[in-house]
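Subject: Structure handover

Hello,

Please find the structure below, followed by notes on what was found in it.

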Amino acid sequence: MVKKVAFDKTGTLTEGKFALLHLNVIGRRRTREEVLEYMALIQARASHPIGAAIVQAAKNENVSISADKSVESHILLQGEGVSAVVNGKQFHIGNPRLFQRIGYYDDIPETSKALVSDWASIGGTVGFLGIEGEGIIASYCVADAVRKESKSVVGSLEKIGISVTMLTGDGNDAANAIGEQVGLTPEGIRSELFPKDKLDIVNGMIEEGLSEGSSFLFNLFNRRKLVLMCGDGVNDAPALAAANVGVAMGAGAALAMETSDVTLMDSDLNKLLYSIKMGKRVIRTIKENVAFSLISKAVVMGFTFAGKASLWAAIVTDVGAMLIVTLNGMKLLPSKKKVKNVDITPDGNYDGNLQMTAV
């Protein structure tokens, strides 16, 4: 049974539809228009939603890209940002971790650092633009909205005994702000992660479940503690592949959908909760049917050894048991031909946007 769920943040617990909220030009070497032009030029090739938000912001401000600017050596830096060579100069766009690694971060004014910290504290995703020979020339903040169902889904999972963890590459302040909005405690928030870090965390969760016992008797009489990973991006693909159950968001990257076991086509987390609850009901029903079948066989065998059972009694018992387990299994089917606008509540009732057709 699924006992641990790890969620990616961007595009999973949040909608993944970013908008540029703030852009602060540092120094006087470049204008706002130049900064947006360079950022849009480089991010146009990126597949991350943040890149799309920056390109859209440039369009909104009627910033056009000059024909004399060419991009070479465009590289995606996993968990950090992107780099590219524009007209012979190396450009970097990404999070603070990238600029700390390349040695640019310490040179920006303290006022700019404080401003970025303020943006992050309200849940924004922050980053910088840096140029070789010039250092960091701008900081920016983008943000997206938390999915309306995220908090209720997280709460419902915890109420049925499932541990929930959020994994993100964002900084601590931004991660904690979003985690608080969806109802997670600080212990359930893991931030500043690279793709490999996400993979290691998921593998660690799996090993914790296995360490509690691996014998045949343990697996027979105890529930295996499976780990489910839910994500949408290229950075989530290794963790999705490693988890016992990988679930991708339908609006996410193709690689995430290819490596996952299940895809939520409409990216509705209520469907994930419904699937987990339905899985629990299926397992419970299977156990009920197996137990009933064994008990009925044992009773017939007892009467047979006592010499009080006839052939017809055995046949009737066998057919009757078959009908009972079949009817018991049919309780999993929806009671109506079509159920619309139903939500899933913690007590097991289904409310949401589920479209179910009886077969």
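Accessible areas come from the Shrake-Rupley method with a 1.4 Å probe, and for residues only the protein chains shown count as cover.

This is a predicted model, in which local features need pLDDT of at least 70 and side-chain atom pairs count only at pLDDT 80 or more, while totals for chains, interfaces and linings use all residues. Residues are numbered from 1 along each chain as its sequence is written, and side-chain values use heavy atoms, with hydrogens and water left out.

Overall make-up

The protein chain has 13 helices and 14 strands. Both are DSSP runs numbered from the N terminus: helices are H or I with at least four residues, strands are E with at least two. Of the 359 residues in the protein chain, 47% are buried. Buried means under 20% relative accessible area, exposed means over 50%, and partly exposed is in between (1.4 Å probe, protein chains only). Among contacts with a separation of 6 or more, 59% are between residues 24 or more positions apart; a contact means heavy atoms within 4.5 Å.

The sheet

An open sheet is formed by 6 strands in the order β2-β7-β6-β5-β4-β3, with antiparallel pairing. The edges are β2 (19-25) and β3 (71-77), and each has a single partner strand, so one side of each is left without a neighbour in the sheet. From one strand to the next, the twist averages 15 degrees. (Axes are lines fitted to C-alpha atoms, for helices over the stretch in contact, and angles run from 0 to 180 degrees between N-to-C directions.)

The pairing of β2 with strand β7 (residues 135-143) is antiparallel and runs over 6 bridges; two strands pair if DSSP finds at least two bridges between them. N24 has S139 in β7 as its bridge partner. Helix α2 (residues 32-43) packs on the sheet and touches β2, β3, β4 (81-86), β5 (89-94), β6 (125-131) and β7. The direction of α2 makes about 130 degrees with that of β2.

Salt bridges

A search of the whole structure finds 15 salt bridges. The criterion is a side-chain nitrogen of Lys or Arg within 4 Å of a carboxyl oxygen of Asp or Glu.

- D8 and K198 meet through their side chains at 3.1 Å, N to O. D8 is in strand β1 (residues 2-8) and K198 in helix α8 (residues 195-211), 190 residues apart. Both D8 and K198 are buried.
- K9 forms a salt bridge with D170, with the closest N and O atoms 3.0 Å apart. K9 belongs to helix α1 (residues 9-13), D170 to the loop between β8 (163-167) and α7 (172-181), and the two are 161 residues apart. K9 is buried at a relative accessible area of 0%, and D170 is buried at 13%.
- E80 forms a salt bridge with R101, where the closest N and O atoms are 2.9 Å apart. E80 is in the loop between β3 and β4, R101 is in helix α4 (residues 96-102), and 21 residues separate them. E80 counts as buried because its relative accessible area is 10%, whereas R101, at 51%, counts as exposed.

Helix α13

Which residues form a nonpolar patch on the surface? They are L311, W312, I315, V319, M322 and L323, with about 660 Å² of accessible area together. Patches are made of residues with over 30% relative accessible area and no salt bridge; like charges are joined within 9 Å, and nonpolar side chains (Val, Leu, Ile, Met, Phe, Trp, Tyr) within 5 Å. I315 lies in helix α13 (residues 311-330) and is partly exposed, at 37% relative accessibility.

V325 is also found in helix α13, but it counts as buried, at 17% relative accessibility. Leaving out residues up to four places away in sequence, V325 touches N289, F292 and S293. V325 and I286 are 8.9 Å apart in space, C-alpha to C-alpha, and 39 residues apart in sequence.

Strand β10

L226 is in strand β10 (residues 226-231). Not counting residues up to four places away in sequence, L226 touches M1, V2, K3, K4 and N244.

Regards
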